[in-house]
Amino acid sequence: MTDDYKLETILAHAGVNTDKTTGALIAPLHFSTTYQHPEFGQSTGFDYTRTKNPTRAVLEETLAKIEKADHALVTASGMAALVLLFNGFPAGSNIVAARDLYGGSFRWFNEQEARGRFSFTYTNREDEMIAAISDETDYVYLETPTNPLMIEFDIKKIAQAAHAHGAKVIVDNTFYSPVYQNPITLGADVVLHSATKYLSGHNDVLAGVLMTSDKDIYDKLFYDQNTTGPTLSPFDAYLLMRGLKTLKLRMEKATQNAKAIVAYLEQSPAVKDVLYTGKGGMISFKVADEDRIPQIINGLQVFTFAESLGGIESLITYPATQTHLDIPAEVRHSYGLTDDLLRLSIGIEDAEDLINDLKTVLEA
């Protein structure tokens with residue numbers, strides 16, 4: 001399938017008719033760890049599954065297409081993707097990063113800085129980030145929207161500023177997915193996803209992915225992945241490819257539900273602030289009385305109190321003790337991630353049921 005088809009078509013046809021030997025409609029699951037050479041000095045293109053696997057290769061081709069990149073590499077988790085990428089950076093690299101970011105990313109960044117490998121300059125807003133980029137900057141790293149304050153950055157503006165100083169731009173596109181944003185087309189050099197989230201969409205796969213159109217970056221990533229081994233298993237690659245088929249449908253339904261929930265939250269006296277960009281299924285809100293947070297969480301019946309996001313089931317997360325626990329409280333509070341904030345990942349349930357569930361606990 002060419003790149004000219006619309007996103008829905010590419011997603012629906014993920015893996016379809018890729019097995020020319022049998023004509024199987026769905027891409028087969030190749031569990032073999034090793035592959036026979038036809039003759040001495042010859043290869044089918046698959047030698048050892050850590051290096052390349054047929055099921056994983058079909059998945060990577062689809063992921064590159066939907067993110068409008070030339071190359072994609074899937075990894076064993078979102079954090080495995082992040083570490084694989086950063087481990088390829090020269091020691092002493094200077095990185096300008098968004099302050100509001102996933103707590104696991106901050107934890108690893110903080111550890112690397114403490115070891116003297118990299119130095120980080122954190123910025124809260126787009127104008128601060130652009131002002132912080134200089135000739136000393138090697139990389140710019142951001143999530144947009146950010147997690148969990150839902151701050152959006154203009155990727156095109158940031159990429160222009162970074163490239164003017166010779167810096168590369170890395171964008172975590174987990175929250176929006178390729179349905180709502182294609183950072184490569186806006187100037188990003190590398191796009192990262194926790195594919196555990198919206199791309200797989202069913203809370204049953206742990207995976208990550210890196211996409212780029214820079215052949216030098218891809219070749220380095222491919223070499224390092226083959227050397228260190230953070231690859232995705234064939235079965236997880238199959239499940240992720242299956243989940244991709246409904247990505248746009250799920251994102252559209254999550255957005256529809258989220259808009260209805262935001263309309264309710266904005267008029268609730270129990271809520272003092274709602275953070276939502278207008279698209280996607282991620283909502284954060286601050287409650288008027290943070291002492292009621294345990295009661296709110298424990299009283300929910302449709303929402304599940306759990307970490308993660310992007311699945312078909314709606315989740316509620318308390319970042320202060322879950323996803324962002326490793327960020328010191330004084331740091332979190334300084335940029336607005338306060339202890340009165342709850343994060344919702346909206347699924348595909350009936351919106352009225354979700355709103356009534358929130359009403360029951362917020363208006364108790």
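Trainee: How much space lies in the largest cavity?

Mentor: Start with the general idea. Rolling a probe the size of a water molecule over the atoms shows where empty space is left. Here a cavity is a set of points on a 1 Å grid over the protein atoms alone, where a 1.4 Å probe fits but cannot get out. Its volume is the space filled by probe spheres set on the points, which are joined across faces, edges and corners. The largest cavity holds about 40 Å³. The structure has 1 cavity of 30 Å³ or more.

Mentor: Keep the source in mind. This is a predicted model, where local features need pLDDT of at least 70 and side-chain atom pairs count only at pLDDT 80 or more, while totals for chains, interfaces and linings use all residues. Residues are numbered from 1 along each chain as its sequence is written, and side-chain values use heavy atoms, with hydrogens and water left out.

Trainee: Which residues line the largest cavity?

Mentor: A lining residue has an atom within 4 Å of a point. Among them are Y198, R250, G310, G311 and I346.

Trainee: Is S345 buried or exposed?

Mentor: Buried means under 20% relative accessible area, exposed over 50%, partly exposed in between, with a 1.4 Å probe and protein chains only. S345 has 1% relative accessibility, so it counts as buried. S345 sits in strand β12, residues 341-345. Strands (E, at least two residues) and helices (H or I, at least four) are DSSP runs, numbered from the N terminus.

Trainee: What does the side chain of S345 reach?

Mentor: It reaches the backbone nitrogen of G310 at 2.9 Å. Contact means heavy atoms within 4.5 Å. Beyond its neighbours within four places in sequence, S345 is in contact with residues including Y198, G310 and G311.

Definitions and conventions
A polar contact is a pair of N or O atoms within 3.5 Å; within protein, one must be able to donate a hydrogen and the other to accept it, and residues adjacent in sequence count only if both atoms are side-chain atoms. On a 1 Å grid over the protein atoms alone, a cavity is a set of points where a 1.4 Å probe fits but cannot get out, and a pocket is an open set with protein on both sides within 12 Å along at least five of seven lines; lining residues have an atom within 4 Å of a point.
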